[in-house]
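Dear colleague,

I am handing over the structure we spoke about, and my notes on it follow below. Please have it open while you read.

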Amino acid sequence: MLNTDMIRLFKLVYETHSLSGAARRFPLSGSSASRMLESLRRELGDKLFYRSDNRMFPTARARELYPEMLRLLAGFERIQAKPVFSPEAESRVVRIGCLDLDLVSILSGPLSGLRREAPGIRINFLGIGPDFAAGLRKGSFDLVLYPTTQSYPGIRKLSLCTDAFVYVCRPGSTLARKREQGLPISEDEVRERLSVQVTVPVFNADNTRYGQFSEDVESSAFPASVWTPFFATVPFLLEGDETTFIPFQEARFLQRFLPLSILGRPSSLKPYETMMLWSEQSDGTPCHQWLRSYLFNAIRQGAAPPDGVPVLS
């Protein structure tokens, strides 16, 4: 059955000539936008848009429907109209579950802007455990930031940025000098100097990608001598020629304040997406909608892709 989300997606694809662009402005994940477009095509019995040169162009039927869709959307908006949400007038506490690395690397920038735009919104950062999805459903969290590819019943998620683990060391160390001189560095010689490994609180199918579960450090393939659940403290534990690996977004942020050199990416740890997750029950709440949109845009603007970091052989 046709609904306002479908009509809104139709309008955004028509105007941006891009499904991914429409998804970002919604905001929706790319897979959710693709499924919604397929449902709309079945509902209306027409392809609606065809792809050419990486752009989406309307069919004759879509061009015919466009003005009607605008009128329908305007009618729905008038019927559903509520008092306009004003972030500067909002006063509430928002509970965000995340790891310390997300607080340091991707949230510190957006927080300063948030204080300017919504001074009455206060953020309570909370640690997350294995069942953070239950916390979202119960209302213990308003939002959770965590890298996961899993789906959770009743939970929506949206990718905020791409990240990847990178090896780091102190400037002036043996490996840092080799990197500065353009000499090849093997992962074996980096791992020989690995001193610290970060554990993660959630054990799931992604465990080997995102680090070792804290209760199973003995099975790790990485020869670290120190294990810690706190990403933000890791650079302070490096001495001499020691190395460790931390997420690229965090390393990039910490370089502004600490002497830290990025050597390269581990070959066994693939890039991953840091996700924003929230309960479907909060989906239509004006403050929640505004905060999700604000964080999504601010984090996307501040993050950088890890593609330029070499993968060590």
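**A buried aspartate and its surroundings**

In this model, the backbone nitrogen of Gln249 lies 3.1 Å from a polar atom of the side chain of Asp163. Please keep in mind throughout that the model is a predicted one. Asp163 belongs to strand S6, which covers residues 155-163. Although Asp163 is buried, it has no salt bridge, and the nearest side chain of opposite charge, that of Arg252, is 8.7 Å away; a salt bridge would call for a side-chain nitrogen within 4 Å of a carboxyl oxygen. If neighbours within four places in sequence are set aside, the residues in contact with Asp163 are Pro247, Phe248, Gln249, Pro271, Tyr272, Thr274 and Pro306.

**Aromatic rings**

The structure holds 12 aromatic pairs. One of them joins Tyr167 and Phe245 in an edge-to-face arrangement, with 5.6 Å from centre to centre and 85° between the planes. Because Tyr167 lies in strand S7 (residues 165-169) and Phe245 in strand S11 (residues 243-247), this pair ties together parts that are 78 residues apart in sequence. Both Tyr167 and Phe245 are buried.

Another pair, formed by Trp290 and Tyr294, is stacked, with 5.5 Å between the centres and 10° between the planes. Trp290 and Tyr294 are separated by about one helical turn, because they are 4 residues apart in helix H12 (residues 286-302). Trp290 is buried, with a relative accessible area of 18%, and Tyr294 also counts as buried, at 12% relative accessibility.

Which residues do ring pairs link into a cluster? They are Phe165, Tyr167, Phe231, Phe245 and Tyr272, and Tyr272 is also among the residues in contact with Asp163.

**A charge over a ring, and a cis peptide bond**

Arg8 lies over the face of Phe26, at 4.3 Å from the ring centre. The peptide bond that leads from Phe26 to Pro27 is cis, with omega near -10°, and Pro27 itself lies in the loop between helix H2 (19-25) and helix H3 (30-44).

**Around strand S1**

Leu48, in the loop between H3 and S1, has a phi of about 70°. Is Leu48 buried or exposed? With a relative accessible area of 0%, Leu48 is buried. Asp53, which lies in the loop between S1 and strand S2 (55-58), has a phi near 55°, and at 71% relative accessibility Asp53 counts as exposed.

Tyr50 is found in strand S1 itself, which covers residues 49-52. Tyr50 counts as partly exposed because its relative accessibility is 41%, a value that falls between the limits of 20% for buried and 50% for exposed. Not counting residues up to four places away in sequence, Tyr50 touches Arg55, Met56, Phe57, Pro58 and Thr59. The C-alpha atoms of Tyr50 and Ser86, which are 36 residues apart along the chain, are separated by 39 Å.

Key: Residues are numbered from 1 along each chain as its sequence is written. This is a predicted model: local features need pLDDT of at least 70, side-chain atom pairs count only at pLDDT 80 or more; totals for chains, interfaces and linings use all residues. Side-chain values use heavy atoms; hydrogens and water are left out. Helices (H or I, at least four residues) and strands (E, at least two) are DSSP runs, numbered from the N terminus. Buried means under 20% relative accessible area, exposed over 50%, partly exposed in between (1.4 Å probe, protein chains only). Lys and Arg count as positive and Asp and Glu as negative; His and the chain ends are not counted. A polar contact is a pair of N or O atoms within 3.5 Å; within protein, one must be able to donate a hydrogen and the other to accept it, and residues adjacent in sequence count only if both atoms are side-chain atoms. Contact means heavy atoms within 4.5 Å. Rings of Phe, Tyr and Trp (its six-membered ring) pair if their centres lie within 6.5 Å; planes under 30 degrees apart count as stacked, over 60 as edge-to-face and the rest as tilted. A charge sits over a ring if NZ of Lys or CZ of Arg is within 6 Å of the ring centre and within 35 degrees of the ring normal.
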